[in-house]
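Take a look at the chain below. We will walk through it step by step.

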Amino acid sequence: MTSDQLPRVGLGTYSDDDRDQWTDHVRTALDAGYRHVDTAQVYENEEYVGDGIRRADVDREDVFLATKTVHVDVPGPGSEAIREAVEGCLDRLGTGYVDLLYVHWPAGCYEPETTLGTFEELREEEVVRHIGVSNFEPETLDTALDVLDAPLFANQVECHPLLQQEELRAYAVEHDHWLVAYCPIARGEVFDVPAIREVADAHDATAAQVALAWLLSKENVAVVPRSTSEDHIRQNLAAREIELDRTEIERIDAIDREHRIIDREYAPWN
């Protein structure tokens with residue numbers, strides 16, 4: 001695997017507590033075949049994610065590792081503060097580089113020219129291989145693309161059959177970057193959607209697998225479902241093998257309720 005390849009099913013690692021559990025879950029996922037792991041500074045689990053990668057029977061070079069930074073544990077939005085925050089992420093992860101570094105939210109200390117300019121410097125120094133943003137809307141994406149000389153690799157946002165993000169998906173295709181879907185099964189709410197359950201029954205699959213397969217049917221979309229169950233970790237990866245037909249895709253397309261799990265005005269450091 002080269003760093004330009006984004007495995008389309010990754011492991012999301014957010015949790016409010018029991019952060020040390022991610023050592024085992026990351027190792028389980030990598031041993032099961034995952035090659036994309038997603039974490040963040042504010043998850044407070046980077047050291048455990050890094051430990052899981054080291055304990056797995058997979059070379060670091062074969063893992064696409066992404067984290068997100070908000071550079072808030074040091075004062076000010078300047079370049080040195082951003083560098084210190086990124087160094088903290090790398091120290092906790094126990095790696096000399098990350099494959100993808102996201103701006104976690106266009107809020108708080110985020111200042112486009114300083115933040116993204118520093119990300120570009122880190123990319124030139126090969127500390128960061130790709131630059132991403134998270135929770136960005138078209139207006140903030142426009143600004144980021146104006147500021148960046150390096151390619152924008154990904155925008156990570158909430159996306160699932162109840163919140164289909166058609167505008168941001170089209171934006172990703174037009175500007176040639178990934179849309180990485182977090183909360184791709186809407187924290188279990190897709191289980192209660194009859195159309196998804198019926199499609200799942202037709203494929204002898206779970207509703208979660210069908211929600212993931214629907215996302216994977218879309219151009220430039222990857223998914224990072226969070227799971228702490230070995231069975232679910234394996235089932236989520238197996239969603240890659242489910243091929244929905246056009247009628248099934250259109251049926252799920254018709255579900256969109258513009259229903260958010262995460263308030264887009266929320267920023268955990270504000």
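Helices (H or I, at least four residues) and strands (E, at least two) are DSSP runs, numbered from the N terminus. With that in hand, find E137, which sits in the loop between β5 (131–134) and α5 (138–147). Residues are numbered from 1 along each chain as its sequence is written, and side-chain values use heavy atoms, with hydrogens and water left out. This is a predicted model: local features need pLDDT of at least 70, side-chain atom pairs count only at pLDDT 80 or more, and totals for chains, interfaces and linings use all residues.

E137 has 25% relative accessibility, so it counts as partly exposed. From E137 to C183 is 46 residues in sequence and 17 Å in space, C-alpha to C-alpha.

Now take the whole chain. It has 10 helices and 8 strands. Its radius of gyration is 18 Å, close to the 18 Å that the globule rule gives for 270 residues, so the chain is as compact as a globular protein of that length. (The radius is taken over C-alpha atoms; the rule is 2.2 Å times the number of residues to the power 0.38.) Of the 270 residues, 55% count as buried.

Helix α8 (residues 207–216) shows burial well. Why is it described as largely enclosed by the rest of the structure? Because 10 of its 10 residues are buried. Among them are W214 and Q209. The buried residues of α8 pack against β7 (178–182), α7 (194–202), β8 (221–223), α9 (230–238) and α10 (246–253). Contact here means heavy atoms within 4.5 Å.

Next, go to H25 in helix α1 (residues 22–32). H25 has a relative accessible area of 14%, so it is buried. Leaving aside neighbours within four places in sequence, H25 is in contact with L11, S227, T228 and I233. The side chain of H25 also makes a polar contact with the side chain of Q21 (3.0 Å). A polar contact is a pair of N or O atoms within 3.5 Å; within protein, one must be able to donate a hydrogen and the other to accept it, and residues adjacent in sequence count only if both atoms are side-chain atoms.

Terms used. Buried < 20%, exposed > 50% of the residue type's maximum accessible area, 1.4 Å probe, protein only.
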